[in-house]
Structure formats: C-alpha cells, structure tokens
Amino acid sequence: MAQKTNNISNTLNYRLSVQISLNGLSFLVSNQDTQKTILFAEKNFDYSITPEELLIEVENIISENNIFNFSFNDISIVYATPVYTLVPLALFDETKASEYLKFNSKILANDYMAHDVLETHDIVVVYVPFMNINNYFFEKFGTFNYYHATTVMLKTILSHEKYALPRMFLHIQNNNFDSVILKDGKLELCNSYSYKTPEDFIYYTLFAIEQLNLNPDTLPVHLFGEVEKDDSIYKIAYNYIRHIEILDASKYNLPTIENTISHKHFILKNTI
C-alpha cells in the first residue's frame with residue numbers, strides 16, 4: 001500500500017473520495033480550497049475479494065490514518081464494479097432496475113439496486129453498490145454521496161470531448177478495462193471487459209471497433225488509467241491501432257497525486 005500524509009488542521013476544507021472495487025481500494029483526501037492532495041492511499045489485491053473482506057480492508061486503512069478522525073465537508077464513494085448497465089433516461093423505470101441488470105449480470109434476490117442519472121446526456125447507470133460499505137461510511141461519517149465509476153468517467157469524458165468524428169477511450173484497470181466510443185460528442189458504446197492477457201485486451205477492443213463498423217487504421221484511441229507506453233497492453237494496441245496515444249489528462253484540470261502521472265487514478269480524481 002502506498003500512502004502520503006501531510007500535517008492537517010480541522011479548520012481546513014477537506015474532501016474525501018474513495019474508489020471501491022473487488023480488486024483494490026484507493027483513498028484521496030484533498031483541500032477543497034486549493035485542490036492540494038492531503039492524503040493518497042491505495043491497496044491492490046492479487047485476486048477478487050468479497051464485499052465482507054473489502055470492508056475489513058477499508059476499516060484497516062481508515063484506522064491507520066489519523067486524518068479520518070477529522071470531519072469532511074464532502075465525501076464521495078465510487079464503486080468500480082462490473083455489475084452495471086446503461087439505460088436511456090426516457091426508457092428508465094426505477095421499479096424495474098433489477099430487470100435491466102439481469103440481462104447481462106448475475107444478481108442476487110437481496111441485492112440493492114442503485115442508479116445515477118446523467119441528465120445532460122439522458123443516460124441512467126444502474127448498478128449494485130456494496131451496502132455493508134455504505135452502512136459503515138454512514139455510521140462513521142454521516143451523509144455522503146456514492147456513484148458508479150462509469151458515471152464519473154462518462155460525465156467527465158462527455159463534458160470535455162466534443163469531436164464530430166468517432167473517438168475511442170480505453171480506461172485500463174487491473175484485470176479489466178472500460179471501452180467508450182463517442183461520435184458527435186455523444187455516446188455510441190460503453191462496455192467493460194475482464195481480461196487476463198494482452199491478447200484478451202486487444203481482442204475485445206478490436207471486436208468493439210468492428211461492431212460499430214469503424215476502422216482501427218483511422219479511429220483515434222486514447223488509453224488512460226493503469227497503463228504506460230512501455231506496458232504490454234499499450235504495445236499490443238500499438239501493433240493493431242494506427243492512431244493510439246495516452247490520454248492527455250492535464251486538460252481536465254485535475255488535482256495531482258505525488259509520484260503518479262496525470263492519466264492514472266482518473267476516476268478517483270474526477271470525483272473531487
């Protein structure tokens with residue numbers, strides 16, 4: 001686990017953002033007035049763990065850092081999980097949330113259904129949050145906001161990228177990645193894929209391009225998240241896609257995290 005702490009004062013204006021996935025956790029505390037990072041902590045797992053095990057890890061990180069004894073003006077929890085789906089706002093019926101999810105995800109009868117609305121773009125993201133973690137944060141900190149990671153990613157990209165021609169964005173994480181294709185500033189495709197090898201990654205990527213009748217020789221593709229140019233993921237994509245590059249995240253005016261490059265922890269930084 002990597003972490004960074006500075007001296008703090010409970011008179012300052014603090015914001016806490018937490019990203020939760022079955023493969024890892026990350027915490028970001030920032031000063032709302034200056035956007036300065038006060039603390040960044042993360043822990044990654046070699047395999048997927050259960051929500052019950054996740055809660056133990058969350059409690060451990062919080063108990064290890066005194067900053068969590070202070071009050072936060074704003075708290076956001078982001079769930080980066082594969083159990084989600086997108087529904088056009090005009091067709092969304094909250095009472096049928098589980099019906100939307102069960103077409104492409106395995107859900108349990110007692111799963112709690114949540115949804116985020118991107119009103120500007122007429123999109124609803126339906127997903128299953130981890131209620132044991134929500135209950136813990138509510139008991140410890142009181143009121144907070146929670147979202148799905150896809151909501152944060154789409155809101156940021158759709159707000160900044162207004163190109164007329166199609167463009168692909170690939171958000172790389174450990175063992176999974178998100179694929180987003182825009183055209184005329186609107187969403188054409190959004191999907192998440194699990195992968196084990198670079199060959200898995202490029203197969204799903206090229207399949208998505210093919211399904212929309214796009215050309216990998218002309219389509220601009222931007223990679224961000226847990227990827228760098230010397231990674232096997234980037235190298236295999238470079239072999240099959242002509243116009244590929246690491247996303248220039250500096251244009252999003254995000255806070256910086258010491259010893260990390262701007263396109264990493266993209267979703268976590270966009271929640272603040």
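**Notes on the predicted model: salt bridges, a pocket and a few residues**

1. Let's start with charged pairs: searching the whole structure turns up five salt bridges. The term stands for a side-chain nitrogen of Lys or Arg within 4 Å of a carboxyl oxygen of Asp or Glu. The idea behind it is simple: side chains of opposite charge can pair when their charged atoms come close.

2. Some ground rules before going on. What you have here is a predicted model, where local features need pLDDT of at least 70 and side-chain atom pairs count only at pLDDT 80 or more, while totals for chains, interfaces and linings use all residues. Numbering runs from 1 along each chain as its sequence is written, and side-chain values use heavy atoms, with hydrogens and water left out.

3. Which residue forms a salt bridge with Lys43? It's Glu57, with the closest N and O atoms 2.9 Å apart. This pair links distant parts of the chain, as Lys43 belongs to strand 4 (residues 37-44) and Glu57 to helix 1 (residues 51-64), 14 residues apart. By the way, helices (H or I, at least four residues) and strands (E, at least two) are DSSP runs, numbered from the N terminus.

4. Are the two partners buried or exposed? Lys43 counts as partly exposed because its relative accessibility is 30%, whereas Glu57 is buried, at a relative accessible area of 16%. The cut-offs: buried means under 20% relative accessible area, exposed over 50%, and partly exposed in between (1.4 Å probe, protein chains only).

5. Skipping neighbours within four places in sequence, Glu57 is in contact (heavy atoms within 4.5 Å) with Leu25, Lys43, Phe45 and Ile49. For a sense of scale, Glu57 and Glu161 sit 104 residues apart in sequence and 36 Å apart in space, C-alpha to C-alpha.

6. Lys102 and Glu99 meet through their side chains at 3.1 Å, N to O. They are three residues apart in helix 2 (residues 97-102), so about one helical turn separates them. Both Lys102, at 46% relative accessible area, and Glu99, at 35%, are partly exposed. Then there is Lys96 with Asp93, whose closest N and O atoms are 3.2 Å apart. Lys96 is partly exposed at 42%, and Asp93 is partly exposed at 28%.

7. Now zoom out. The protein has seven helices and 14 strands, and its C-alpha atoms fill a box of roughly 55 × 45 × 35 Å along the principal axes. The radius of gyration is 19 Å, which agrees with the value near 19 Å for a compact globule of 272 residues. That radius is taken over C-alpha atoms, and the globule rule is 2.2 Å times the number of residues to the power 0.38. Of the 272 residues, 50% count as buried. Among contacts with a separation of 6 or more, 60% come from residues 24 or more positions apart.

8. How much space lies in the largest pocket? About 900 Å³. A pocket here, on a 1 Å grid over the protein atoms alone, is an open set of points where a 1.4 Å probe fits, with protein on both sides within 12 Å along at least five of seven lines; lining residues have an atom within 4 Å of a point. Grid points are joined across faces, edges and corners, and the volume is the space filled by probe spheres set on the points.

9. What lines that pocket? There are 41 lining residues, and the closest to the centre are Ser21, Ala80, Thr81, Gln173 and Asn176. Strand 12 (residues 186-194) gives the most to the lining, with five residues. By type, the lining has 14 nonpolar, 23 polar and four charged residues. Here Ala, Val, Leu, Ile, Met, Phe, Trp, Tyr, Cys and Pro are nonpolar, Asp, Glu, Lys and Arg are charged, and the others, Gly among them, are polar.

10. Check out His265 as well, in the loop between strand 14 (244-246) and helix 7 (266-270). His265 is buried, at 12% relative accessibility. Beyond neighbours within four places in sequence, His265 is in contact with Phe40, Glu42, Glu226, Ile257 and Thr260.

11. Finally, a backbone detail. Asn175 has a phi near 75°, a positive value in a residue other than glycine, and sits in the loop between strand 10 and strand 11 (176-183). Asp184 also isn't a glycine, yet has a positive phi of about 55°; Asp184 lies in the loop between strand 11 and strand 12.
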